[in-house]
Amino acid sequence: MSEATERVAVACPSCSPAEPVVHEVLKPGGQTTVRCTECSHTHKTKIEEPETVDCDVIVSQDGESFSTATDVPAGESLAEGEEFVLDTPEALLTVRITSLEVGDDQRPESAAAENIDTIWTRVVGNVGVDVTLNPQDGRDESRSIELQVPGDYEFTVGEREDLADESFTVKGIHLRADATGYGFARLDHDEDMAFAKDIDRLYADDESSGAWSVW
């Protein structure tokens with residue numbers, strides 16, 4: 001194992017025996033000593049070094065983008081919508097594949113690693129969610145805010161949220177183009193739910209400036 005390998009995804013016998021989670025490499029070798037970043041459990045594991053393909057990656061986050069690269073196991077197939085942990089010099093980022101660029105500017109929905117020129121992604125671990133707030137105190141103008149939340153945070157139509165000194169009741173959810181599994185591009189029925197990473201914009205009634213409280 002090279003000295004550049006500082007983090008690996010392996011099962012943790014303490015907190016995640018069935019699914020790999022990120023570990024810090026403490027001592028490389030035949031039996032590598034690692035520490036789980038979820039529960040801090042230290043243990044030894046055998047790290048296999050598969051043949052890999054170097055792929056360019058474009059990462060989009062909050063309206064900005066940057067380029068990096070990642071190693072993908074040879075023979076592995078990637079597809080739009082898949083998520084993976086990307087190790088960058090600045091941080092570990094959870095990203096979703098939004099497009100795959102294959103020779104001659106082709107954009108297939110899936111492709112083998114060996115055929116991929118560029119993986120286009122956006123960050124979904126922590127995301128900004130745009131919210132349009134409709135006033136409840138007689139004002140005519142709506143206002144827009146952006147909330148920073150974990151990508152897996154759930155917003156539900158009809159439920160009140162108290163976040164970042166803002167209070168509002170969700171009444172509509174407009175989904176991103178790459179969101180899957182919802183059936184509709186807009187959700188507006190009570191108890192309709194979407195994850196923050198799938199949301200393009202929330203529409204809500206502004207409770208922050210109202211004279212009443214539900215508590």
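Modeller: Thr 132 stands opposite Tyr 203 in E19. This is a predicted model, so local features need pLDDT of at least 70 and side-chain atom pairs pLDDT 80 or more, while totals for chains, interfaces and linings use all residues. Residues are numbered from 1 along each chain as its sequence is written, and side-chain values use heavy atoms, without hydrogens and water.

Colleague: In what sense do E12 and E19 pair, parallel or antiparallel?

Modeller: Parallel, over 5 bridges. Two strands pair if DSSP finds at least two bridges between them, and strands are DSSP runs of E, at least two residues, numbered from the N terminus.

Colleague: And how do E16 and E19 pair?

Modeller: Strand E16, residues 166–175, is antiparallel to E19, over 7 bridges. There, Val 170 stands opposite Ala 204 in E19.

Colleague: Switching to pockets: how much space lies in the largest pocket?

Modeller: About 1200 Å³. Of its 32 lining residues, the closest to the centre are Arg 7, Thr 70, Asp 71, Val 85 and Asp 87. A pocket here is an open set of points on a 1 Å grid over the protein atoms alone, where a 1.4 Å probe fits, with protein on both sides within 12 Å along at least five of seven lines; lining residues have an atom within 4 Å of a point. The volume is the space filled by probe spheres set on the points, which are joined across faces, edges and corners.

Colleague: Where does the largest pocket lie?

Modeller: Between domain 1 (7–45) and domain 2 (52–124), because both give residues to its lining. The bounds come from an automatic or database domain assignment.

Colleague: What about the second largest pocket, how much space lies there?

Modeller: About 220 Å³. Of the 14 residues lining that one, Gln 61, Asp 62, Gly 63, Gly 128 and Arg 176 are the closest to its centre.

Colleague: Which strand gives the largest share of that lining?

Modeller: E12, with 4 residues. Domain 2 (52–124) and domain 3 (127–206) both contribute to the lining, so the second largest pocket lies between them.

Colleague: Last topic, backbone: what is phi of Asp 105?

Modeller: Positive, about 60 degrees, although Asp 105 is not a glycine. Asp 105 lies in the loop between strand E9 (92–102) and strand E10 (110–112).

Colleague: Is Asp 105 buried or exposed?

Modeller: Exposed, at a relative accessible area of 53%. Exposed means over 50%, with a 1.4 Å probe and protein chains only.

Methods: Buried < 20%, exposed > 50% of the residue type's maximum accessible area, 1.4 Å probe, protein only.
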